[in-house]
Structures are given as C-alpha cells and as structure tokens.
Amino acid sequence: GVSCSLATVYFGFDDATVAASERDRLDGNAACIDKNPSRNLYLVGHTDSSGTDEYNIALSERRAQTVADYLARLGVDPAKLQVVPKGETEPTGQGDEKDRRVEFQWR
C-alpha cells in the first residue's frame, strides 16, 4: 500500500452531519483509501462528555456512519469500512471540540 495520512474529522455539538469545513479532509482520505485497495478501515466515532453514555454511544455511531456514507458516495467500497462507536470513552484531553470526532484506523 501507499503511505498517506488519514485525517481526523470533527463535528459540531450534538451534530452528526459532515460540515463543509471537513469535506476536504474526507476527500483526501478517500484518495488515500483508493491508493490502498487491499486494506480495510475502522471508522471510530467519538463524542464529548455531555449527555448520557447511551446517548453518546448512539451519537458516535451516527457520526461514524455519516462518514462511511460520505466516503461511499465518493466511491469507497462500504464493505471496507467498519463503524466503531466509542461514545465519550476516549477523550483527547484537548477539549470538547477535539473530542467530537471520527478517527480513521487501518484494520
């Protein structure tokens, strides 16, 4: 595979939509994924600590699924993508804005 970076995507408060500011990151990630056709990915969803654990697991899953859907529209095979909802269990320590995110990990 080709070495390329997969950028983390960030979300607004209590929001699972891909903001316009994040689309370039996702376009770049899709290009990187295309260069590594034999590899599969985890899309790891995260939230800040506002709200209940149950709510945040669901929100983190929606965020990761939104990213999966966006990548699929760009031509990435959805079968290569696995959504992993983490809720609020893995904070960055850098504040709420950085916690509301989807991270990409090769699997």
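Tutor: What follows covers the helix pair, then the chain around it.

This is a predicted model, in which local features need pLDDT of at least 70, side-chain atom pairs count only at pLDDT 80 or more, and totals for chains, interfaces and linings use all residues. Residues are numbered from 1 along each chain as its sequence is written, and side-chain values use heavy atoms, with hydrogens and water left out.

Two packed helices are described by the angle between their axes and the distance between the axes. Here the pair is helix 1, residues 23-34, and helix 2, residues 53-73. Their packing angle is about 65°, and their axes lie 10 Å apart. Axes are lines fitted to C-alpha atoms, for helices over the stretch in contact; angles run from 0 to 180 degrees between N-to-C directions. Helices are DSSP runs of H or I with at least four residues, strands are E runs with at least two, and both are numbered from the N terminus.

Helix 1 brings Arg23, Leu26, Asp27, Ala30 and Ile33 to the contact. Helix 2 answers with Val67, Tyr70 and Leu71. Contact means heavy atoms within 4.5 Å. By class, these residues are 6 nonpolar, no polar and 2 charged. Ala, Val, Leu, Ile, Met, Phe, Trp, Tyr, Cys and Pro count as nonpolar; Asp, Glu, Lys and Arg as charged; the others, Gly among them, as polar.

Gly28 also sits in helix 1. Gly28 counts as partly exposed because its relative accessibility is 37%, with buried meaning under 20%, exposed over 50% and partly exposed in between (1.4 Å probe, protein chains only). Its C-alpha atom is 15 Å from that of Leu43, 15 residues away along the chain.

Val44 belongs to strand 2, residues 41-45. At 3% relative accessible area, Val44 is buried. Leaving out residues up to four places away in sequence, Val44 touches Val84, Lys86, Arg101, Val102, Glu103 and Gln105.

Now the whole chain. It holds 3 helices and 4 strands, in the order β-α-β-α-β-α-β. Of its 107 residues, 36% count as buried. Among contacts between residues at least 6 apart in sequence, 80% join residues at least 24 apart. The C-alpha trace spans about 40 × 25 × 25 Å along its principal axes.
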